[in-house]
Amino acid sequence: MAAVKPISPFRLSSLLRLQKDPNIALQLFQNPNPTTQRSKPFRYTLLSYDLIISKLGRAKMLDEIEQILLQLKQDTRIIPKEIIFCNVITYYGRARLPSRALQLFEEMPSFRCERTIKSVNSLLNAFLKCRDFDKMREFFVGIGKYARPDTCSYNILIHSCCVRGSVDHAWELFDEMLKRGLCPNLVTFGTLIYGLCSSLRTKEAFKLKEDMVRVYGIWPNAHVYASLIKGLCGVGELSAALTCKEEMVKTKMKLDSAIYSTLIDGLLKVGRKNEAFGLLEEMESNGCKPDTVTFNVMINWHCKNNDFEAAYRVLDEMADKGCRPDVISYNVIIGGLCRDEKISEANDLFDDMRRRGCVPDVLSYRILFDGFCNGKQFKEAAFILDEMLFHGYAPRCASLHKFINGLCDEGNSELLWTVLNSLGQGNAIDSDSWGMAISLFCNGDKLPAKLVDALSTT
C-alpha cells in the first residue's frame, strides 16, 4: 500500500480555502499531517494564516483566533500584513469587544507589523460599532503617534456624531478636515446629509447636496436620495420628496423598496391615498417587488382607519406573493384590534400567527395582555401572563399594576394569589406591586407562606 503523501504548505492553503466548516478547517490547520511523523515543524505560509483567521472570524470564533495569533507571533519566519490585523479588529468590533480590539492594535509591533492609517481606521470603526465614543475620542486625540488622519478617519468620526445626534459637532469635524487639506468624498456627504435629515434639518441637507455637486463635483447616489426622501417625509414635505424620486428616475438611478415604502407611508399619513396606491402600482411595474416593510405600511394604515378586513387581505396578499408576514405585521393588527376593543379577534390572530410559523415577541404578549386588562378579562390576562413568564418576558409595570388593581377590585383572591406567586417565582414583580396588592386586598388576612417568602426577598 502506497504511503499517504504529506500535505505541503501550498496544499494546506488550497484545502483551507475549500473547507466550509470552520471547525474542520481549524483542525486541519493545527494538524495538517496527522499520520506522518514530524521530523521538523510544519512551515505555515502567510496565506494559510490569513485564510484560517478569516474563516474563524466569519464564524465568530474569536477565542480560536487568539490561539492562531499567538502561533503567528511565535512564527518569526512570517511577517504578517496589516490587513490581517485590520480584519481581526473588525471582528472584535462586530462582537462589541472594544478593549480586545485596542489591545490587538497596541500589540501589532510585537507581530513585526507596522501600524498605518489602515489599522487606525479599523480601530476607530470598531469603537463606532461598539458605540464606545469615549474611547474613540480619547484615541483620536493621540492619533498622531501612529499616522496622519485621512478622509476615512474623519468619515468615521462624522458618522459617530450623527449616530449620537450631534450634527453640529459633525459640521465642526467637516470644517476641520477641510483645514487639514483633506478632500471630502461621497461617504462624507452621504453621512452628513443622513445626519441632517435624521435631525429634520432638511433645508441644510438640500443645501449640502447642491454644494457637493457644484463645489466638489460629486454626484449624489441612492443613499443620499434615500436620506433626503426620508427626512422630507418626516417633516411632511411630500412634494419635495416626490421631486427627489423623479430626479432619481431621470438619472436612471435604481429605486428600491425602502424608498417606495417611505414615500407610500408619507403619502398615506397626509391622506393622499390615491397617490400612495399609484406609487405601489408604479413600484411593481418597475420590477421592484414590495417587501415586508411595504406591506406593513399598508397594514398600519388600514388599522389606523379601523379597516381590519383590508389589513387581513394584505396578510393574505403577502402570502400569495411569497412575502412572509413578520411579527410587526401581526403586532400592528393585534394592537389595532385591542384598541377597537375586539379582544377576541386579537387573541385569535395571536394564535394564528403561531400556526403560521411567526413567533410572538415581548411586544405581542404585552399588547394582548394590555387588551385583556383594559377589557377586564382578567382570567384571559392571567393565562397570557403565564405564557409571558414562561418565555422569560414580563409586562410593563403600569400594566401589571392595573391588572393587580383589577383583581383586587373584583375580590378574586384565588386568582390574585396564584398570579402573585407566579410573578414572585419568576422574579417579575417589584416591591411596589406587592405592596399595592397587600394594601388593597389583604385587610389583615393571613398571607400564604409562599407569598410571605417572596415578599421578604424583594
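Me: Which residue just after helix H21 takes a positive phi, and of about how many degrees?
Reply: This is a predicted model, in which local features need pLDDT of at least 70, side-chain atom pairs count only at pLDDT 80 or more, and totals for chains, interfaces and linings use all residues. Residues are numbered from 1 along each chain as its sequence is written, and side-chain values use heavy atoms, with hydrogens and water left out. Helices are DSSP runs (H or I, at least four residues) numbered from the N terminus. Just after H21 comes the residue you want, with a positive phi: Lys376, at about 55 degrees.

Me: How far apart are the end C-alpha atoms of H21?
Reply: H21 covers residues 362–374, which makes 13 residues. The expected span is 1.5 Å times one less than the number of residues, so H21 should span 18 Å. The model agrees, with the end C-alpha atoms apart by 18 Å.

Me: What covers the buried residues of H21?
Reply: Buried means under 20% relative accessible area (1.4 Å probe, protein chains only), and the buried residues of H21 include Tyr365, Leu368 and Phe372. Contact means heavy atoms within 4.5 Å. The cover includes helices H19, H20, H22 and H23.

Me: Which residue just after H23 takes a positive phi?
Reply: H23 has 14 residues and reaches 20 Å from its first C-alpha to its last, close to the 20 Å expected. Among its buried residues are Leu400, Phe403 and Leu407. Just after H23, a positive phi of about 70 degrees is taken by Gly411.

Me: Are H11 and H12 roughly parallel or roughly antiparallel to each other?
Reply: These two helices pack with their axes 9 Å apart, at an angle of about 165 degrees. Axes are lines fitted to C-alpha atoms over the stretch in contact, and angles run from 0 to 180 degrees between N-to-C directions. Angles over 145 degrees count as roughly antiparallel. H11 and H12 are therefore roughly antiparallel.

Me: Which residues in H12 do those of H11 meet?
Reply: From H11, the residues involved are Leu186, Phe189, Leu192, Ile193, Leu196 and Cys197. Their partners in H12 are Glu204, Ala205, Leu208, Lys209 and Met212.

Me: Is Asp132 buried or exposed?
Reply: Asp132 is found in the loop between helix H7 and helix H8. Not counting residues up to four places away in sequence, Asp132 touches Pro98 and Phe127. Because its relative accessibility is 17%, Asp132 counts as buried.

Note on methods:
Buried < 20%, exposed > 50% of the residue type's maximum accessible area, 1.4 Å probe, protein only. Parallel < 35°, antiparallel > 145°, perpendicular 65-115°, else oblique.
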